[in-house]
Amino acid sequence: MAKYILKRILYLFLTLFIIATITFFMMKMLPGTPFSNENRMSAEQLKIVKAQYGLDQSVFVQYVRYIGGLLQGNLGTSFQFNNEPVTALIGQRIVPSMQIGAQAMVVGTIGGILLGAIAAIRKNTWVDTLATFISILGLSIPSFVLAVLLQFYLAYKWKIYPVALWDNFQSSVLPTLALSALPLGTVARFMRTEMVDVLSSDYIELAKSKGNSNWKVVTKHALRNSLIPVVTIIGPMAVSVMTGSMVVENIFSIPGIGEQFVKSITTNDYPTIMGLTIFYSFLLIIVYLIVDILYGLIDPRIRLGNGGKE
Amino acid sequence: MEQIPQIPKDKFKLIHDENNADQEKIGTPSLTYMQDVRRRLFNNKVAVVCLSLLSIIVVVAVLAPVIAPHNPNAQQVTMSNLPPKLGNLNIPGMNGYQNMGGKMVDAYKQAGAPDGTFYILGTDYLGRDLLSRIIYGTRLSLVVAVLATLVDLLIGVPYGIVSGWKGGKTDTFMQRIVEIVSSIPNLIVVILMMIVLKPGLTSIVIALAITGWVTMARLVRAQTFQLKEQEYILAARTLGEPSMKIATKHLIPNLSSTIIIQTMFTIPNAIFFEAFLSFIGIGIPAPNASLGTLLSDGQKAFRFLPYQMWAPAIILSIIMIATNLLGDGLRDAFDPQSSEN
Amino acid sequence: MDKILEVKNLHVDFDTYNGVVHAIRGVDFHLNAGETLAIVGESGSGKSITVRSILQLLAKNGTISQGEVLYHGDDLLQRSDKEMDKLRGNKISMIFQDPMTSLDPTMTIGKQVAEPLLIHNNVSKKDALKRAEEVLRLVGIPNPKARMNDYPHQFSGGQRQRIVIAIAIVNYPEILIADEPTTALDVTVQAQIIDLLKELQQKIGTSIIFITHDLGVVAGIADRVAVMYAGRLVEYGSVNDVFYNPQHPYTWGLLDSMPTLDTSESDRLNSIPGTPPNLLNPPKGDAFAPRNAYAMAIDEEEQPPFFKVSKHHYAATWLLHPDAPKVTPPASILKRYEKFKTLGGNVENV
C-alpha cells in the first residue's frame, strides 16, 4: 500500500509537470498579446511592460522561470486585476467555490445514495421508475440549464431565494441545487446498479437466512458492500461539479474561481488561465489520489492484499 | 396411491422405438444474437420512444434547409423579440400577445408586422426566427456529436484493439499514454484547445477528439483482452487465420455491443460540451446558432422573454435524456442479465 | 418417528419476462427427526426452489401458489416474514452452494458467525463472539481465535464452507438445509465436508435436508432419498430402495449414468438423452416421457400417481400400473436388483 501511494504521488507530479508544460507552450502559441488592445501604449512603454512581465526573454527562459516559479508555489501574475498574483486571486475566491462545490458534492452524493438504494430495494416498482427518472433528469439536464430555470422560478418569479448575490447561506442554495443534480443522478444510477447486484448475491441470501429482518439485511450487509464501489466515482463527480461551477458561478454572480476562469478566458488573461488550469488539475488529481487511497482502505480485499482473486 | 386408476389397456403401449432422434429437438426456434437484441430493444417501450424522438430530431436536423421557415441568420430589427405565435390560432402563450406593464398587448401589431406574419417560437433580439435557429442549432449540435463519435470509433477502437491484442510491452506503453491523457481533466484540455484554436466547429471537434477517445480505447482494450483468450479465437489463431481477418471476423462483431453502448454515452457528452463551450462564449461564434449559443442568448433575456430560453433548453434536455435512456435500453438489450437479475 | 417437517402439495410459480414458469408442480415430502433426507435431481429440477420455499427465501418474482409447509404441524406459509425471521437461522438454517460468494466480503468472519446468535438470543457481543470462536473450532477452523478478525477472502474454499456451516449451526438448529454444499468444492474437500456434517448431526442431533445432483454423495450421508424431475418428485424411499430397487425410468437413467465400483472398463456410462421440459408450458402427462425410452401412450396424457413399491418406497410411473407391460431396465439396473436381493429386499411390486 505505501509503495502504491508513493508511486501515485510520483505520477501526480509527473502529470502536473506535463500539464504545466502543455499549458505554457499553448499559451505561447496564442496569437496577439494581452496588450494588443492598449493602443495608447507607445513602443517604449510596451517594452517596459514586457520587461516587467519577463516577456522580452526567450521562450525557453520564460519556461524555465515559469516551472521554477511553480515549484515555489508561484502560479504567475495576472495581467488584469491590478497585477495580482494568481495565488492571491485564488485565495480571495476559493471560499465561495469550495463552499458551493462541497455542498453540491455532499447533497448529490447522499441524495444519490438514498435514491439509488431505494430504487434497488423497490426494484421494478413505480418507486424504482420514479427514482430512475429523477436520476436520468439529473444527469441529462446540463447544470447551466438547470441553474437558469431555478433562477427564473425560485428566485425571480417566486422570490424564495436571491437572484444573483453572494452573502449568506440562503444565497448558496440555488447554485448548490443546480450543481448537485449531476452528482445526484450519477451516484443514484451507480448505486442502484451496485445495490441490485449486491442484493441478488449469495451473501445477502445467507444474511436473510440467518434471520435478519429486511431492514437489517440492507443496513448491515447490502449498504456497505454497495457503497464501497461508489467511492470510485467521487473523482469523476468532482470533475463535473467543477465544470458546472464555471457557468453556475457566472449565472448567479458568485465571486468564485469558476467565474474568474471564465472572465480570464474572455479577457485573454493568459497567466491567470495558466495558473487556474494548473490549480484545477492539481485539485482534481489530489481528489483522485485521495479517493483511490480511501478505496484501498475501506475494502478489506484490497487493504489486506490477495484482492482480485475472486 | 391406494386406488389404482382404471386406464384403457391400449394406452399402455410403448411408444418409443430405437430411434430417439426427436428427443434432441429443441422446442422453440432459435434466434440469432442480433435478432434477440433487436427483439429486446423493441420490447422496451422507453427505448422505442427515445429512438423515435431522436429519429424525428435527426430527420428535422438533416432536412433543416427544407423545414426551417426562415433563414436562421437573417436579421430583421423591426421584428425583434416577438413572442411565439402560431398562425391565427388563439392559443394562450402562442398568440403573439405579450405582457407589457401589466397589460396584454399584441406585440406583432405593435411591431407593425404585416398581417399573416407569425413566428412559431418567436424571434430573438435581432429579429431572427427562433424556430429556424433552433433547427439549425440542433443540426450543428448533432454534427458535433457525429464527428466526436467518428473520432471515438476511428481512434479509440483501433487503439484499444491493438493494445489489447498485442499485449506485452506494446500494451504497457500504450496504456501509459492512456493513463497520462486520462489523468489530465478533459475539460481543461478542451478549454485550452478552444483558447488556442479559433472558436468554431472544427476546434470543438478537435478539442473533443484529443480527450474523447480514451474511454473507448480502455473499454475496447479490456474487452479484446478477454476475447483473445476465448476458445474460438484461439482456434482461429491456431488455424493460422491472419490477424486482420480475426479482427474483422471475430473481434469486431463481439466488440460491437461495447462500442455501440459507449457511443450512446459519447453523443450526449459531445452535445453537452458544445453547449457548455458556446454558453461561456468560446464555442460556436456568432452569428451561427447552436443550442449552446441559443441558451446563452436566452439566458441574458430570460427575465422578460422567457420563451427565448425555454425552447432551446427543452430541446437540449430532450436530446440528452433520450440518448441516455436509449443507451440504457441498448445496454439492457445487449446484456439482459444487467437488468433482469 | 416424529415428522418435524412436512411439505404438502407445494406449487411455486415464477413470473418471468417470457411468462409464468411453473417451477414446482405439487411436491410432497416429510422429514423425520434426526434423519437425513437427500433430494436429488439435475439442475433446474426445482430442488433448490423446494427447500427455499420452506424458509420462504424465494426470489422476488417467485410465489408459492399452493401448498402447506408444516413445521411441527404448524403451517409456515401462514406466517409473516417477521415471524419467519425468528425461525430462520435459529430453528431452521441453511447452507449454500458456493462458499466463495456466500460470505459477506467486507465483514470479519467472527462477526458473521456471531450474527445469528445476536439476532436470536439475548447475549452480549462479547459472549456471542466467544461462542462463535467455539463453533469455528467445532467445524475445524484451525486457530480460530486468531482468525476471527480475518475476512472471507483470506480463507480457502473448503474453509469458507466450514465457516458457512458454522454460521448455520451456531444456534443448534432443528433442521439444517444444505443446498448442494459440496458441489463447488474439490473432491477431497467434498468428503471432508460430508464427514463434518455427519459428525455435527451426531453432536447436535439436527435433521438434515441435503440437496445434490451427485448420487455418489447421497449414498454417504442420506437415510432417505427423494428424486426430483421437472418440479415434481418421481420416486422416494430409503437409500437402499432408491439405489438398489429403483422403479422410475428417470431414476434408472440417473443411476445408469453414475459409475460404481462394479463398473468395469468395458461398461459404458450412459447419459439421459434430451433436455428437461420447458416449465412455461408444463407437459400434460409425465414430464419425463419425451426423454423416456419406456414411455407409453398414457405417459403423454396423464400424470402418473405415486404407486407404492414397499412400505416407505413410492414411485410415480405408469410402469407400476398392473396393466403396464413388463419392461427390462438397463443392464446396470438389473445388477442393482441382484444386489437388492442380497440386502434382503424384494424386487416384486407390492
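User: Why is B:Asp152 said to have no salt bridge in this model?

Analyst: Bear in mind that the model is predicted. A salt bridge needs a side-chain nitrogen of Lys or Arg within 4 Å of a carboxyl oxygen of Asp or Glu. For B:Asp152, the nearest side chain of opposite charge is B:Arg218, 13 Å away.

User: What makes the pairing of B:Asp152 and B:Thr266 a polar contact?

Analyst: Their side chains are joined at 2.8 Å. The limit for a pair of N or O atoms is 3.5 Å, so this pair qualifies. B:Thr266 is also among the residues that B:Asp152 touches, including B:Trp213 and B:Met216, when residues up to four places away in sequence are not counted. B:Asp152 itself sits in helix H5 of chain B, residues 130-166.

User: Turning to chain A, how do you know that domain 1 and domain 2 touch, and how many residues take part?

Analyst: Domain 1 of chain A (8-71) and domain 2 of chain A (89-302) meet through 16 residues from domain 1 and 14 residues from domain 2. Together they bury about 1,300 Å², with 81% of it on carbon and sulfur atoms. A:Arg8, A:Leu12 and A:Met27 supply 37% of the area that domain 1 buries against domain 2, more than any other three residues.

User: What does the rule find across that interface in the way of salt bridges?

Analyst: It finds 0 salt bridges, and also 0 residue pairs in polar contact, with both residues at pLDDT 80 or more. On the domain 1 side, the largest share, 10 residues, comes from H1(A).

Technical notes: Residues are numbered from 1 along each chain as its sequence is written. Chains are lettered from A and ligands numbered from 1 in the order in which they are written. This is a predicted model: local features need pLDDT of at least 70, side-chain atom pairs count only at pLDDT 80 or more; totals for chains, interfaces and linings use all residues. Side-chain values use heavy atoms; hydrogens and water are left out. Helices (H or I, at least four residues) and strands (E, at least two) are DSSP runs, numbered from the N terminus. Buried means under 20% relative accessible area, exposed over 50%, partly exposed in between (1.4 Å probe, protein chains only). Lys and Arg count as positive and Asp and Glu as negative; His and the chain ends are not counted. A polar contact is a pair of N or O atoms within 3.5 Å; within protein, one must be able to donate a hydrogen and the other to accept it, and residues adjacent in sequence count only if both atoms are side-chain atoms. Contact means heavy atoms within 4.5 Å. Domain bounds come from an automatic or database domain assignment. Buried area is the accessible area (1.4 Å probe) that two parts lose on being put together, summed over both.
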